[in-house]
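Reader: I am new to this structure. Please show me how to read it, one feature at a time.

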Amino acid sequence: MIPVEIPANLTKDERYRLISARLAALAAAERDPLANLCNFMAYLYWTVGDVNWVGLYLLRGGELVLGPFAGKPACSRLAPGKGVWKPRKAKSVPYCFSVL
């Protein structure tokens, strides 16, 4: 099991590197993509802090369909431009894709 505790004295960069390394360890232990996405969301939910929801929506047939998440129940489907889905400029998140 991967620990969820993050030392409080880490810088933001060190924190993200540790989270990335732990996500990589989770991925190395399991080959199924869905199982990994589920564990990633659960891990992020417990390590990011001060959030009530962490999850993914998957683009399917022109709409966003709820994928793995941790937290409060969410909308199952979001049509383009409807609900909470609003197109905006993409943001680059350091280390986000290094384990996928």
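Author: We will go from the overall layout to single pairs of side chains. Keep in mind that this is a predicted model.

Reader: What does the secondary structure of the protein chain come to?

Author: The protein chain has two helices and three strands. Read from the N terminus, the order is α-α-β-β-β. Helix 1 covers residues 12–28, and helix 2 covers residues 33–48. Strand 1 spans residues 53–60. Strand 2 spans residues 63–71, and strand 3 spans residues 77–78.

Reader: How many bridges join strand 1 to strand 2, and which way do they run?

Author: The two strands run antiparallel, and seven bridges join them. Then look at the turn. The hairpin of strand 1 and strand 2 has two residues between the strands. Glycine 61 in this hairpin takes a positive phi near 60 degrees.

Reader: How do I read the inside of the model?

Author: Start with the general idea. In soluble globular proteins, nonpolar side chains tend to be buried together. Now the case here. The largest nonpolar core has 10 residues in all: Ile2, Ile6, Ile19, Leu23, Leu26, Ala27, Phe40, Met41, Tyr43 and Val54.

Reader: Which helix gives the most to this core?

Author: Helix 1 does, with four residues. Helix 1 and helix 2 each supply at least two. Pick one core member, isoleucine 2. Beyond its neighbours within four places in sequence, isoleucine 2 is in contact with Arg22, Ala25, Leu26 and Tyr43.

Reader: Is threonine 47 buried or exposed?

Author: Threonine 47 is buried, because its relative accessibility is 3% and the cut-off for buried is under 20%. This residue is found in helix 2. Setting aside neighbours within four places in sequence, threonine 47 is in contact with Val4, Ile6, Arg15 and Ile19. Two of those names, Ile6 and Ile19, also belong to the largest nonpolar core.

Reader: What share of the protein chain counts as buried?

Author: Of its 100 residues, 21% count as buried. The accessible surface comes to about 7400 Å², and 59% of that belongs to carbon and sulfur atoms.

Reader: How do I read a salt bridge?

Author: Side chains of opposite charge can pair when their charged atoms come close. This structure holds two salt bridges. One joins arginine 17 to aspartate 13, with the closest N and O atoms 3.1 Å apart. Both residues sit in helix 1, four residues apart, which is about one turn of the helix. Arginine 17 is partly exposed at 47% relative accessible area. Aspartate 13 is partly exposed too, at 37%.

Reader: Which residue does arginine 77 form a salt bridge with?

Author: Its partner is glutamate 63, and the closest N and O atoms are 2.7 Å apart. Arginine 77 lies in strand 3 and glutamate 63 in strand 2, so this pair ties together parts that are 14 residues apart in sequence. Arginine 77 counts as exposed at 52% relative accessibility. Glutamate 63 counts as partly exposed at 23%.

Reader: How many aromatic pairs does the structure hold?

Author: There are three aromatic pairs. One of them is tyrosine 45 with tryptophan 46. Their rings are 5.5 Å centre to centre, with 90 degrees between the planes, and the pair is edge-to-face. Tyrosine 45 is partly exposed at 24% relative accessibility, whereas tryptophan 46 is exposed at 61%.

Reader: Why is the pair of tryptophan 53 and phenylalanine 69 stacked?

Author: Look at the angle. Their planes lie at 20 degrees, with ring centres 5.6 Å apart, so the pair is stacked. The cut-off for stacked is under 30 degrees. Tryptophan 53 lies in strand 1 and phenylalanine 69 in strand 2, so the pair ties together parts that are 16 residues apart in sequence. Both are partly exposed: tryptophan 53 has 25% relative accessibility, and phenylalanine 69 has 31%.

Reader: Which residues do ring pairs link into a cluster?

Author: The cluster holds Trp53, Tyr57 and Phe69.

Notes
Residues are numbered from 1 along each chain as its sequence is written. This is a predicted model: local features need pLDDT of at least 70, side-chain atom pairs count only at pLDDT 80 or more; totals for chains, interfaces and linings use all residues. Side-chain values use heavy atoms; hydrogens and water are left out. A salt bridge is a side-chain nitrogen of Lys or Arg within 4 Å of a carboxyl oxygen of Asp or Glu. Buried means under 20% relative accessible area, exposed over 50%, partly exposed in between (1.4 Å probe, protein chains only). Contact means heavy atoms within 4.5 Å. Rings of Phe, Tyr and Trp (its six-membered ring) pair if their centres lie within 6.5 Å; planes under 30 degrees apart count as stacked, over 60 as edge-to-face and the rest as tilted. A nonpolar core is a set of buried Ala, Val, Leu, Ile, Met, Phe, Trp, Tyr and Cys residues joined through side-chain atoms within 4.5 Å. Two strands pair if DSSP finds at least two bridges between them. Accessible areas come from the Shrake-Rupley method with a 1.4 Å probe; for residues, only the protein chains shown count as cover.
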